[in-house]
2 protein chains.
Amino acid sequence: MADRLTVGVAARLSRYLQVLTQARKMGKVRISSQEIAEYTNINATQIRRDLSAFGKFGKRGVGYNIDSLLGEIRKILRTQGQHNIALIGAGRLGQAIASSPIFAEHGINIAAVFDTDPEKLGRPIGHVTVSEYGRLRESVHDKNIIVGVLAVPAAGAQRAADDLVASGVKIIFNYSEALLETPADVTVHTSNPAVELLYALYFHLT
Amino acid sequence: MADRLTVGVAARLSRYLQVLTQARKMGKVRISSQEIAEYTNINATQIRRDLSAFGKFGKRGVGYNIDSLLGEIRKILRTQGQHNIALIGAGRLGQAIASSPIFAEHGINIAAVFDTDPEKLGRPIGHVTVSEYGRLRESVHDKNIIVGVLAVPAAGAQRAADDLVASGVKIIFNYSEALLETPADVTVHTSNPAVELLYALYFHLT
DNA sequence: TAGATTGTTAATCGATTAACAATC
DNA sequence: TAGATTGTTAATCGATTAACAATC
């Protein structure tokens, strides 16, 4: 397992993680590859194949134990610890992100929230309060943050991305429609629901 | 071109659409496969290959004209018209979605917003006002809506999904962490930033 | 002409899937 | 035992990429 996973395998393992986390919350103890397939739209054979590359996690005739499979996948993806992230933007989207349980559920802690609007300074958001934008660099360093989430309007996105990069952030999640220019060692994930929707529509219409 | 695109090709074409839309807003007229590659992290050869399967859209030594390439890709993806969608949930996330320019930019119109909270009824959100939840079915039918966006807490997501399905919606975008059970002819896209983040972290840490 | 970039080939690699023996 | 579901094989198909001639 010294080899790095391919992009496809890592993406699918993450999806399994999500399904398993939710299935556990629903009180399930075991799950079959067929059930995971129904929730993820990933072929059941491929799921078994993905998992069996790392060990024999299932029981024939029974399925997979959810708790133990969660642990195995977390080990493979090396996401067992807590991760601190910074959120830029305390507007509606920023508030929605900070108050969502989605991150905490996967061990991701929104350690600091920044906004350039002095009006918003000190306001509670999630389980922290809005910090002064000027303290971004200090905070990223002190809290060992490598992920920044941009919840700002497109017009301010590049500026905020530059500041995150200057602070040492290596992974940026961009929720604006702006295209961001970053150094080669920084990864940008732009989330654009409209684009995903057009793509979903194509398969519906054909 | 009678054949349906493969999932991979359709996904990539959607990404190109996003980059072209933004590049045009930035005032660019032409773009090279290399530039698209930098913004999408998709190999430049593959971009040219994807496009050349549908025609000779570029000029050697020059690149692609953004306007005309946009038109070509929209033709291929059959997304030239306006699409009405329904938004369920007028909380922070719902408000953020409704007020974002991201959908309008791609010809997607949030035609109606619903919330079960009577307090929110009639409030302005985006360019519409919050409608009574009970009128969902009527509205979906009248406005020819096939896409529903769920911006509700996980606890209410399945109920809302059931109502959307009963109303005739065929594509659901789920912004909660809940797993949704739907009939086979309904597509669910669950967006989970935490899962994407774990996946991005894996490639950063290895 | 010189430089740039497309369109296309050719080769490789990984993803996908049906089928089924193994076994719980 | 009967039924269910995994783990694995074998075969196919599509994705990916380097390289380069064509040509703007």
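Biologist: Which handedness does the crossing of helix 5 of chain A and helix 5 of chain B have?

Modeller: A crossing is left-handed if the near helix is turned anticlockwise from the far one by less than a right angle, and right-handed if clockwise; in this predicted model, the crossing of helix 5 of chain A and helix 5 of chain B is left-handed. Helices (H or I, at least four residues) and strands (E, at least two) are DSSP runs, numbered from the N terminus. Residues are numbered from 1 along each chain as its sequence is written, while chains are lettered from A and ligands numbered from 1 in the order in which they are written. Local features need pLDDT of at least 70, side-chain atom pairs count only at pLDDT 80 or more, and totals for chains, interfaces and linings use all residues.

Biologist: At what angle do helix 5 of chain A and helix 5 of chain B pack?

Modeller: Two packed helices are described by the angle between their axes and the distance between the axes. Here the two helices, each spanning residues 92-99, pack at about 145° with their axes 8 Å apart, where axes are lines fitted to C-alpha atoms, for helices over the stretch in contact, and angles run from 0 to 180 degrees between N-to-C directions.

Biologist: In what order do the 7 strands of the open sheet in chain B lie?

Modeller: Two strands pair if DSSP finds at least two bridges between them; in chain B the order is 6-7-5-4-8-9-10, with mixed pairing. Strand 6 (124-125) and strand 10 (187-190) are the edges, each pairing on one side only. Strand 4 (residues 83-88) runs parallel to strand 8 (residues 147-150), joined by 4 bridges, and L87(B) has V149(B) as its bridge partner.
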